[in-house]
Amino acid sequence: MAGTLFFPLSPDIMWKKEGGITMDETPTVPTLPVLEELRACYGTFVEKLEKSRASSLGEVMGNYFRAQGNPRVTYAVEEFNETLNGHVAALANDLGSRPAEEAEALALEALEQILFYPPSRNNTVAFSLAAFEGHALPLIPFLSPERRKELARRYTRRTSPRMMLPNQKKVWNALTIC
């Protein structure tokens, strides 16, 4: 699809998908359509945020004095929130009916997307993506205690607990409480 951003999984996950052997014992499972949709909705959201920049000084001033800021950002955030809620709920519901190892591997793939997206220099994009990290909470119970600890370490390397937003602290707490 032209113009769609692709958010790669961690190198460790991509290695598994290519059939390589990694140090961990996570089974290789087929990717669900909801995971592909999740990845696509992140790409669409980032594109919309990047296109939402004000194009003139008048627009900048109008956004500054508007109570809710830039209406294009507001619309993109509201639309993404609804879509992301639906994808995470569908995935969590599906994972509940799968064997534990398979559910963990699929939850991990989704968590890679939600928590470890590529960093952005655009402050609107960076802050918006950080604000949606709390949507990871329903997927954390599908992880083993060891996997939670591993993710918690990576998560704190990405954002120091002292600098975390409230929703990020909830995710970090859920990952560290085993």
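This is a dialogue about how some terms apply to one predicted model.

Mentor: The model is predicted, so local features need pLDDT of at least 70 and side-chain atom pairs count only at pLDDT 80 or more, while totals for chains, interfaces and linings use all residues. Residues are numbered from 1 along each chain as its sequence is written, and side-chain values use heavy atoms, with hydrogens and water left out.

Trainee: How many helices and strands are there in the chain?

Mentor: The chain has 8 helices and 0 strands. Helices are DSSP runs of H or I with at least four residues, strands are runs of E with at least two, and both are numbered from the N terminus.

Trainee: Why are H4 and H5 called roughly antiparallel?

Mentor: The axes of H4 (residues 71-95) and H5 (residues 100-115) cross at roughly 165 degrees and come within 10 Å. Axes are lines fitted to C-alpha atoms, for helices over the stretch in contact, and angles run from 0 to 180 degrees between N-to-C directions. Angles under 35 degrees count as roughly parallel, over 145 as roughly antiparallel, 65 to 115 as roughly perpendicular and the rest as oblique. H4 and H5 are therefore roughly antiparallel.

Trainee: Which residues make the contact of H4 with H5?

Mentor: H4 supplies Val88, Leu91 and Leu95, and H5 supplies Ala103, Leu106, Ala107, Ala110 and Ile114. Contact means heavy atoms within 4.5 Å.

Trainee: What classes do the residues in the contact of H4 with H5 have?

Mentor: There are 8 nonpolar, no polar and no charged residues. Ala, Val, Leu, Ile, Met, Phe, Trp, Tyr, Cys and Pro count as nonpolar, Asp, Glu, Lys and Arg as charged, and the others, Gly among them, as polar.

Trainee: At what angle do H2 and H6 pack?

Mentor: H2 (residues 33-51) and H6 (residues 123-131) pack at about 140 degrees, with their axes 9 Å apart. Tyr42, Phe45, Val46, Leu49 and Glu50 of H2 meet Thr124, Val125, Ser128 and Leu129 of H6. By class, that contact has 6 nonpolar, 2 polar and 1 charged residues.

Trainee: What makes Lys170 count as exposed?

Mentor: Buried means under 20% relative accessible area, exposed over 50%, and partly exposed in between, with a 1.4 Å probe and protein chains only. Lys170 has 54% relative accessibility, so Lys170 counts as exposed. Lys170 is found in H8 (residues 166-176).

Trainee: How many residues does the chain have, and what share of them counts as buried?

Mentor: The chain has 178 residues, and 42% of them count as buried.
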